Amino acid sequence: MTQITKVKTGSKFEERGSYSRIVAVDNWIFVSNTAGRDPRSNVIPDDVTEQTLQVFANIEMALAAVGATLSDVVFSRVYIQDPKDVASVMEIIGAKFRGINPATTVTCPPLGSTVYKVELEATAWRGAGKAEVEEITVGS
């Protein structure tokens with residue numbers, strides 16, 4: 001039988017929008033678009049670097065609730081409000097995903113509010129971080 005686990009953080013946005021931070025279906029884990037708001041203080045930093053680090057802290061906390069880590073991420077979608085922030089955000093993305101190397105989409109659309117400078121959503125497979133990985137380079 002399929003096991004579905006839904007993780008909430010207590011965010012007013014989750015309640016208002018009727019969504020979960022994570023929905024895990026057996027080993028598949030779907031992480032909702034996550035901003036850099038600290039769930040305890042409800043503060044969102046002005047600095048794009050601090051926001052990006054908080055985004056990862058929020059995602060790592062939610063993944064841990066279902067027995068997963070960043071190493072289990074197989075796909076990410078990065079939304080950056082201002083194209084001038086791409087280099088700063090991608091430096092952190094690169095550091096956090098170094099050695100994990102998920103498939104990734106990066107785009108610069110308008111976000112839900114100008115206070116948000118970066119958001120990230122992810123798809124993970126519980127156990128991917130412990131799987132044997134073959135890396136292939138094509139087209140050089």
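Buried residues (under 20% relative accessible area with a 1.4 Å probe, protein chains only) make up 37% of the 140 residues in the chain. This is a predicted model, where local features need pLDDT of at least 70, side-chain atom pairs count only at pLDDT 80 or more, and totals for chains, interfaces and linings use all residues. Residues are numbered from 1 along each chain as its sequence is written, and side-chain values use heavy atoms, with hydrogens and water left out.

**Whole chain**

Show the cartoon. The chain has 3 helices and 6 strands. Helices (H or I, at least four residues) and strands (E, at least two) are DSSP runs, numbered from the N terminus. Follow the sequence and the pattern reads β-α-β-β-α-β-α-β-β. The radius of gyration, taken over C-alpha atoms, is 15 Å, close to the 14 Å that the globule rule gives for 140 residues, so the chain is as compact as a globular protein of that length. That rule is 2.2 Å times the number of residues to the power 0.38. Switch to the C-alpha trace: its principal axes span about 45 × 40 × 20 Å.

**The sheet**

Select the strands. The 6 strands form an open sheet with mixed pairing, in the order β1-β2-β3-β6-β4-β5. Two strands pair if DSSP finds at least two bridges between them. Go to the edges: β1 (4–7) and β5 (103–107) each have a single partner strand, so one side of each lacks a neighbour in the sheet. From one strand to the next, the twist averages 10 degrees.

Now pick β2 (residues 22–25) and β3 (residues 28–34). They pair in the antiparallel sense over 4 bridges. Zoom in on Val-25, which stands opposite Trp-28 in β3.

**Helices on the sheet**

Axes are lines fitted to C-alpha atoms, for helices over the stretch in contact, and angles run from 0 to 180 degrees between N-to-C directions.

**Helix against helix**

Keep α2 (residues 48–65) and α3 (residues 86–96) on screen. They pack at an angle of about 35 degrees, with their axes 9 Å apart. Show side chains. In α2, select Val-48, Thr-49, Thr-52, Leu-53, Phe-56 and Glu-60. They meet Ser-88, Val-89, Ile-92, Ile-93 and Lys-96 in α3.

Technical notes
Contact = heavy atoms within 4.5 Å. Buried < 20%, exposed > 50% of the residue type's maximum accessible area, 1.4 Å probe, protein only.
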